Amino acid sequence: MTYAATAYGSTVFRFAFTLLRSFHHAEDVYQETFLALHSSQQIFESDEHLRAWLLKVAGNRCRTIYREKQRHREDLIDPADFASIPITDGKTPGSEAPNVGGVWDIVDTLNNDQREAIYLFYVEGYSTEEIAKIVGVSNATIRTRLHRARAKIKQHLK
């Protein structure tokens, strides 16, 4: 558990923050994800399997929180939180915080499914097949989400 939190804690937090745009909700998802790991009897074949499992649990919890907030009409986006959290942690080559007024601002306008696909594909480096397994949809659905998200981003950049 300690290894998982050290190795993948920032990944889980960034993923939750990307989907929910709330520091406090992302913290909740982070804690709930690692609590689920602690109480799980799951045996992981590799570090990649562990990472994918953590992201799947976090994504499911994010979707639950988003649905709950939609029912109560609460605003999930706190601009002060977004300005202070980088998308990457500096461990990967070329990682940098999102540019204000740039592509990540446009990504924020996408729906949750498209934003999730963009984040997992471009930031975490998963293939469409891997994203499909994590999210629990078909590979074609992920490709469609990425295609539509790219089209919206391209339209905003024109």
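## Surroundings of Tyr8

Leaving aside residues up to four places away in sequence, Tyr8 touches Tyr3, Phe34, Asp47, Leu50, Arg51 and Leu54, where contact means heavy atoms within 4.5 Å. This is a predicted model, in which local features need pLDDT of at least 70 and side-chain atom pairs count only at pLDDT 80 or more, while totals for chains, interfaces and linings use all residues. Residues are numbered from 1 along each chain as its sequence is written, and side-chain values use heavy atoms, with hydrogens and water left out.

Tyr8 lies in helix H1; helices (H or I, at least four residues) and strands (E, at least two) are DSSP runs, numbered from the N terminus. Tyr8 counts as buried because its relative accessibility is 12%, buried being under 20% relative accessible area, exposed over 50% and partly exposed in between (1.4 Å probe, protein chains only).

## Helix H1 and its end

Helix H1 covers residues 2-20, and its 19 residues should span 27 Å at 1.5 Å a residue; the expected span is 1.5 Å times one less than the number of residues. The end C-alpha atoms of H1 are 25 Å apart, which agrees with that expectation. H1 also contains a kink of about 60°, centred on Tyr8. The bend at a residue is the angle between axes fitted to the seven residues ending there and the seven starting there.

Just after H1, Arg21 takes a positive phi of about 55°, although Arg21 is not a glycine. Arg21 is placed in the loop between H1 and helix H2 (23-39). With a relative accessible area of 1%, Arg21 is buried.

## His49 in helix H3

His49 is found in helix H3 and is partly exposed, with a relative accessible area of 25%. Not counting residues up to four places away in sequence, His49 touches Gln42, Ile43 and Phe44. His49 and Ile134 are 85 residues apart in sequence, and their C-alpha atoms are 10.0 Å apart in space.

Rolling a probe the size of a water molecule over the atoms shows where empty space is left. A cavity is a set of points, on a 1 Å grid over the protein atoms alone, where a 1.4 Å probe fits but cannot get out; lining residues have an atom within 4 Å of a point. Grid points are joined across faces, edges and corners, and a volume is the space filled by probe spheres set on the points. The count comes to 1 cavity of 30 Å³ or more, and the largest cavity holds about 40 Å³ of space.

Leu19, Cys62, Arg63, Asn112, Asp113 and Glu116 line the largest cavity. Helix H3 (47-72) and helix H6 (112-123) are the elements that give two or more residues to this lining, and H6 gives the most, with 3 residues. The lining divides into 2 nonpolar, 1 polar and 3 charged residues. Here Ala, Val, Leu, Ile, Met, Phe, Trp, Tyr, Cys and Pro count as nonpolar, Asp, Glu, Lys and Arg as charged, and the others, Gly among them, as polar.

## The chain as a whole

The protein chain has 8 helices and 0 strands, following the pattern α-α-α-α-α-α-α-α along the sequence. Of its 158 residues, 42% count as buried. Among contacts between residues at least 6 apart in sequence, 63% join residues at least 24 apart.

How values were computed:
1 Å grid on protein atoms, 1.4 Å probe; cavity = no way out; pocket = protein on both sides within 12 Å on 5 of 7 lines; lining within 4 Å.
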